[in-house]
Amino acid sequence: NLVIHRLMKRTFFLPLASGPAASRHTGAFLAFLASGLFHEYMWFAVNWEERDAYRPGMPLLFFLVQLLLCMMEAVLARTCLGDLACKLPRPIRTALTTLCILPFGP
C-alpha cells in the first residue's frame, strides 16, 4: 500500500499541493479517485469467475468516502475536538478510525 500511496501522492497530490487550497483539494480528489478506479479494476479482475462477490462502484465509493473522512479529520484537527482526539492513545485512535470507515468497505 505504501508504494501506491507514494505513487498517488507524487503523481496527483504534490504537483497541485503548492498552489491554492482549491488545487490541494483537487489533487487529493484526483489521488483518491485514481486509487478507487484502480481498486475497481483489481476487484473486477480478481472476482472475474465469481462476479457475485464484486459490486461495481463499491471500491470507488469506499475511497471517495475515505477522502471525505480525511478532509473532515483535517478540519477537526484545528478544533478543541482535534486537540482532545490527539491525546487519546494511538490504539484507540486506530480503532475509532477503523470503525468510521468499516461500514463503507467493499
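Q: Phe-62 and Phe-63: buried or exposed?
A: Both Phe-62 and Phe-63 are buried. Buried means under 20% relative accessible area, exposed means over 50%, and partly exposed lies in between, with a 1.4 Å probe and protein chains only.

Q: What sort of model is this?
A: The model is predicted: local features need pLDDT of at least 70, side-chain atom pairs count only at pLDDT 80 or more, and totals for chains, interfaces and linings use all residues. Residues are numbered from 1 along each chain as its sequence is written, and side-chain values use heavy atoms, with hydrogens and water left out.

Q: How far does the chain extend along its principal axes?
A: The C-alpha trace spans about 50 × 35 × 20 Å. Of the 106 residues, 19% count as buried.

Q: Next topic, H1. How far apart are its ends?
A: The end C-alpha atoms of H1 (residues 2-17) are only 19 Å apart, while a straight helix of 16 residues would reach 22 Å. The expected span is 1.5 Å times one less than the number of residues.

Q: And where does H1 bend?
A: At Arg-10, by about 40°. The bend is the angle between axes fitted to the seven residues ending at a residue and the seven starting there.

Q: What about the span of H2?
A: H2 covers residues 21-46, and its 26 residues should span 38 Å; the end C-alpha atoms are 37 Å apart, which agrees.

Q: Which elements do the buried residues of H2 pack against?
A: They pack against H1 and helix H3 (58-76). Among these buried residues are Gly-27, Ala-31, Ser-35 and His-39.

Q: Why does His-39 count as buried?
A: Because its relative accessibility is 15%. His-39 touches Pro-59 and Phe-63, leaving out residues up to four places away in sequence; a contact means heavy atoms within 4.5 Å.

Q: And Arg-55, where is that?
A: Arg-55 sits in the loop between H2 and H3. It counts as exposed, at 54% relative accessibility.

Q: Back to the aromatics. How many aromatic pairs does the structure hold?
A: Two. One of them joins Phe-44 and Trp-48, edge-to-face, at 5.1 Å centre to centre with 85° between the planes. Rings of Phe, Tyr and Trp (its six-membered ring) pair if their centres lie within 6.5 Å; planes under 30 degrees apart are stacked, over 60 edge-to-face, and the rest tilted.

Q: How accessible is Phe-44?
A: Phe-44 has a relative accessible area of 34%, so it is partly exposed. Trp-48 is partly exposed too, at 43%.

Q: What is the geometry of the Phe-62 and Phe-63 pair?
A: That pair is edge-to-face, with 5.3 Å centre to centre and 90° between the planes.

Definitions and conventions:
Helices (H or I, at least four residues) and strands (E, at least two) are DSSP runs, numbered from the N terminus.
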